[in-house]
Amino acid sequence: MPIYIHDCGFHSALGSQITDIHHRLESGHNPNMVEDLQILNDGKATVVGRVSESLPSLPEYLQKFNTRNNRLALSALKQIEPTIELMKKQYGTDRIAIVVGTSTSGIADGETAFKHKLDNGQFPGDFSYSQQELGNITDFLSQYYDINGPHYAISTACSSSGRVFLTAQRLLNSGMVDAVLVGGADTLCKLTLNGFHGLEALSSTLCQPFSSKRNGINIGEAAAFMLLSKEKPASDNQPTIALLGAGDSSDAHHISAPHPEGNGAEQAMKKALHAAQLSPQDIGYINAHGTATPLNDSMESKAIHRVFGANVPVSSTKPITGHTLGAASAVEAAIAWHILKHNLPLPLQKCQDKADDIDIDLIDCPQQIKKTNILSNSFAFGGNNISLIFGVVND
């Protein structure tokens, strides 16, 4: 049975306004993918996907939650507040759950606070260590929206906000709740950027997934949220979008590297197809994890080719959002939602020099989706994999 998406809020380097998001998705160019010379400890350059718009302030009684991560999450959620309030009236505040994926939480604010301590001998008066805890965001959202159902965070690196959909599906199917607010939020912080730099995984220029010249990732920041339930939303004269299936796996090949043949990735995609009761021929587009690291792109191409052949259009949207880490799955779910809801052209890969080890159908010219089901991949450290299928529901 499909899990219906009632609304979607989204704020990333693509912007927060629908016109900006759609224009940048269609053009494949984003001015908010910028070179940063300050964030790495050794002063080397890297490209990051920054949110450029101002973020909302928190009310005085919630100042203990005042982090950039929470403000960014709130900026996305404000886009769907009418739907949140409608569901609270319909189901009651204790019948709505909140499940959020994150990996950085308020670490960036902790970095600023610690520098203040080094300079002044003590932490700022408004700093709370709990701001860095992974569950801080769901505690904040529960209090801000007065939602009293289960609320917790999931942190499985880059698959974090994909696993929230699987969790939401289980919560709804169990009857524990009637609706789930799901999503992901991660903001830029030096700890993460320098960690990836230490792994020699960052690119100093705009990343090039599946290219022979690919040499690393760009990190971005974003928040994306959806409201899910088993009840079909009222018609708004636009397509009804649903989560059709989710598949996960854990290949545990290496702490930071995927299995080189993509065994876990293949398993996750097959499980998602099985859960959705779809065949590979039913998928109209694959939003690849596509980080632009040599090993990830190679293994993902192999896995996609084994399941789909070279017959399904594929692209990675990370060159226009950055890799948003714990928020990546939710970000790419939001992109899938926009494509299906607004009938957008499929995102271009713009890869003119596809590598010899890549054997998939990369989107290199404008085209519309032919079959209205999208599979989105997110593959994390430790082989923690998730594949989600979203589609238009006509019944």
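Which residue forms a salt bridge with D248, and how far apart are the closest N and O atoms? The notes below get there at point 2.

1. **What we're looking at.** This is a predicted model, where local features need pLDDT of at least 70, side-chain atom pairs count only at pLDDT 80 or more, and totals for chains, interfaces and linings use all residues. Residues are numbered from 1 along each chain as its sequence is written, and side-chain values use heavy atoms, with hydrogens and water left out.

2. **The D248 pair.** D248 pairs up with R163 in a salt bridge, the closest N and O atoms being 3.0 Å apart (that is, a side-chain nitrogen of Lys or Arg within 4 Å of a carboxyl oxygen of Asp or Glu). D248 sits in strand β9 (residues 240–250) and R163 in helix α6 (residues 160–174), so the pair ties together parts that are 85 residues apart in sequence. Helices (H or I, at least four residues) and strands (E, at least two) are DSSP runs, numbered from the N terminus. Both D248 and R163 are buried; buried means under 20% relative accessible area, exposed over 50%, and partly exposed in between (1.4 Å probe, protein chains only).

3. **Other salt bridges.** The count comes to 15 salt bridges. One of them joins K213 and D353 (2.8 Å, N to O). K213 lies in the loop between α7 (190–198) and β7, and D353 in the loop between α11 and β12 (361–362), so this pair links parts 140 residues apart in sequence. K213 counts as exposed, at 52% relative accessibility. Shared partners also join R163, D248 and K271 into one network.

4. β2 and β3 (residues 46–49) run antiparallel and are joined by 4 bridges; V34 has V48 as its bridge partner in β3.

5. **The cores.** The largest nonpolar core has 47 residues, a core being a set of buried Ala, Val, Leu, Ile, Met, Phe, Trp, Tyr and Cys residues joined through side-chain atoms within 4.5 Å. Helix α11 (residues 328–342) gives the largest share of this core, 9 residues. Apart from it lies another core, of 29 residues, including M299 and F308.

Conventions
Pairing = 2+ DSSP bridges.
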